[in-house]
Amino acid sequence: MLPSTRNNKFLNTGKEAYTLNYKKIYVAIIDNRKINFAPGYTESHHILPKCMGGSDDSDNIVRLTAREHYVCHWLLWKIHRSPQLAHAFWSMARVGSGQHRNVTSAMYARAKDAHVEAMCV
């Protein structure tokens, strides 16, 4: 059985075992959207987050679908586990005035747990 690591998680589906590489998934989403523009509604995303030294330069911004944007913030938190990225992930799950988001209870709980963990650091 493969061990869990910080950036990888062992997943057993009963038939096969997989190792999730969060960084690889994140890079794949970003690289895809650099060359394949998303149809419909999109959101701007800092490839290297500003809290990690990223800038507002156009080469550090990519347009993602709302779902991809949410997933990318989850992946960044899973990869780096910083308080700033936990807050960004939590912010994606909150709904403010004029916003409409459909967040599952499981993802809401993960975001809330990340936020609480970051606040206790």
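In which crossing, left-handed or right-handed, does α2 pass α3? The crossing of α2 over α3 is left-handed, a term used when the near helix is turned anticlockwise from the far one by less than a right angle, with clockwise counting as right-handed.

## Basis of the description

This is a predicted model, in which local features need pLDDT of at least 70 and side-chain atom pairs count only at pLDDT 80 or more, while totals for chains, interfaces and linings use all residues. Residues are numbered from 1 along each chain as its sequence is written, and side-chain values use heavy atoms, with hydrogens and water left out.

## Packing of α2 with α3

Helices α2 and α3 pack at an angle of about 155 degrees, and their axes are 9 Å apart; axes are lines fitted to C-alpha atoms, for helices over the stretch in contact, and angles run from 0 to 180 degrees between N-to-C directions. The angle makes α2 roughly antiparallel to α3, given that angles over 145 degrees count as roughly antiparallel, under 35 as roughly parallel, 65 to 115 as roughly perpendicular and the rest as oblique. The helices named here are DSSP runs of H or I with at least four residues, strands are runs of E with at least two, and both are numbered from the N terminus.

On the α2 side, the residues that meet α3 are His69, Tyr70, His73, Trp74, Leu76, Trp77 and His80, and their partners in α3 are Leu85, Ala86, Ala88, Phe89, Met92 and Ala93, where contact means heavy atoms within 4.5 Å. By class, this contact has 10 nonpolar, 3 polar and no charged residues; Ala, Val, Leu, Ile, Met, Phe, Trp, Tyr, Cys and Pro count as nonpolar, Asp, Glu, Lys and Arg as charged, and the others, Gly among them, as polar.

## Packing of α2 with α4

Helix α2 (residues 66-80) also packs with helix α4 (residues 105-119), at an angle of about 40 degrees and with the axes 12 Å apart. The two helices are therefore oblique to each other, and α2 passes α4 in a left-handed crossing. Tyr70, Trp74 and Trp77 in α2 meet Met107, Tyr108, Arg110, Ala114 and Glu117 in α4, a contact with 6 nonpolar, no polar and 2 charged residues.

## Aromatic pairs and burial

The structure holds 3 aromatic pairs, where rings of Phe, Tyr and Trp (its six-membered ring) pair if their centres lie within 6.5 Å, and planes under 30 degrees apart count as stacked, over 60 as edge-to-face and the rest as tilted. In one of them, the rings of Tyr70 and Phe89 have their centres 5.7 Å apart and their planes at 55 degrees, so the pair is tilted. Tyr70 lies in helix α2 and Phe89 in helix α3 (residues 83-93), 19 residues apart. Trp77 and Phe89 form a stacked pair, with 5.9 Å from centre to centre and 20 degrees between the planes. Ring pairs link Tyr70, Trp77 and Phe89 into a cluster.

Trp77 counts as buried at 7% relative accessibility, and Phe89 does so at 0%; buried means under 20% relative accessible area, exposed over 50% and partly exposed in between, with a 1.4 Å probe and protein chains only. Among the buried residues of α3 are Leu85, Trp90 and Met92, and what covers the buried residues of this helix includes β3 (43-46), α2 and α4.

## The loop residue Arg81

Arg81 lies in the loop between α2 and α3 and has a positive phi of about 55 degrees although it is not a glycine. Most residues other than glycine have a negative phi. At 27% relative accessibility, Arg81 counts as partly exposed.
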